[in-house]
Structures are given as structure tokens and as C-alpha cells.
Amino acid sequence: MDYSIKQLKLVTGEEVVCEILDETPESLAVRNVLALTEKTTSDGYKYFTFRTFMTYQDTPLSVMLIMNDKIMAVAIPSEDMVEQYNIAFDQLTEGLEKQAESEEEDDPEFQQSLDDWIDECENLRIMDSDVTGMIKN
């Protein structure tokens, strides 16, 4: 089973783009959730950016549940949005890597953990994301 990238409009008004891993009647299991944020320049031009949806939930190993009663709409994002989402996620991963290198570059154990995490990020983009059994009904 391949994961699918969807755009969700939540009852709070927030819009998120995420990978849906599994669906139950009560919830969606998701990862790599990025929220869309509207910005306005000083001359009135509006544009959107991505930001992390939840603090410290910004790695491919972080899976969360979004309850179905908190979702107003689900859409298939445009190809442009998926491309921008992938770029944003890659930049997030790259930023975390650079930050970790600057803070912990002398710690070989930390560096090995970071290297393992980066490998996992790369593998998750092509791995089967079936999570059957993760949520018990």
C-alpha cells in the first residue's frame, strides 16, 4: 500500500498537507504534516508558506492521528502543491541536519543517530507505508 498525500481543511480553519498512512472510521493516521500559513507583504501581496503542524512532530517517524470529526474537507492537492510540499519537507530535513551538525558535530554517537535518521528519511519516501495493526479497532 502506498501512502497518499492529501490536503485537509480542519474545523479550526487550518489547512494541512500530509501523508495519510491509514484510515479508520474514527481517524486518519498521518505523518509529515505541514500546515499552510497565509502571509501578506507590505504592498498587499498574499502568499502561502508551509510550517510544521505540531511542535517536535517534524520527522518521518512521527505519526499522529487526526480525528475524522475535526476534518471539514479532504482534497487531492495540485501537482504544484505536492512539489512545493516535498521541497518544504526536504528543506525542513536539511535544516534539522545542519542544526544538529553545528550543535553536536564532535559527538560520534549523535552523528551516527543523525545519519541513521537521514537514511530513514530517504528510505521512507520509497518504502511501503502500510501500518496495518498500528491502530486496533
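Analyst: Accessible areas come from the Shrake-Rupley method with a 1.4 Å probe, and for residues only the protein chains shown count as cover. On that basis the chain exposes about 8900 Å², of which carbon and sulfur atoms supply 50%. This is a predicted model: local features need pLDDT of at least 70, side-chain atom pairs count only at pLDDT 80 or more, and totals for chains, interfaces and linings use all residues. Residues are numbered from 1 along each chain as its sequence is written, and side-chain values use heavy atoms, with hydrogens and water left out.

User: In what order do the elements run from the N terminus on?

Analyst: The order is β-β-β-β-β-β-α-α, which comes to 2 helices and 6 strands. Helices (H or I, at least four residues) and strands (E, at least two) are DSSP runs, numbered from the N terminus.

User: What percentage of the chain is buried?

Analyst: Buried residues make up 33% of the 137 residues. Buried means under 20% relative accessible area, exposed over 50%, and partly exposed in between (1.4 Å probe, protein chains only).

User: Which residues touch the most other members of the largest nonpolar core?

Analyst: They are Leu8, Leu10, Val16, Val30, Val33 and Phe53, in a core of 13 residues. A nonpolar core is a set of buried Ala, Val, Leu, Ile, Met, Phe, Trp, Tyr and Cys residues joined through side-chain atoms within 4.5 Å. Two or more residues each come from β1 (4–10), β2 (15–23), β3 (27–40) and β5 (63–67), and β3 gives the largest share, 4 residues. Apart from this core lies another, of 8 residues, including Ile5, Tyr85, Ala88 and Phe89.

User: And what does Leu10 touch?

Analyst: Not counting residues up to four places away in sequence, Leu10 touches Val16, Phe53, Ile66, Lys70, Ile71 and Met72. Contact means heavy atoms within 4.5 Å.

User: Turning to Ser62, why does it count as buried?

Analyst: Ser62 counts as buried because its relative accessibility is 11%. Ser62 is found in the loop between β4 (46–52) and β5. Leaving aside neighbours within four places in sequence, Ser62 is in contact with Val30, Arg31, Asn32, Tyr56 and Gln57.
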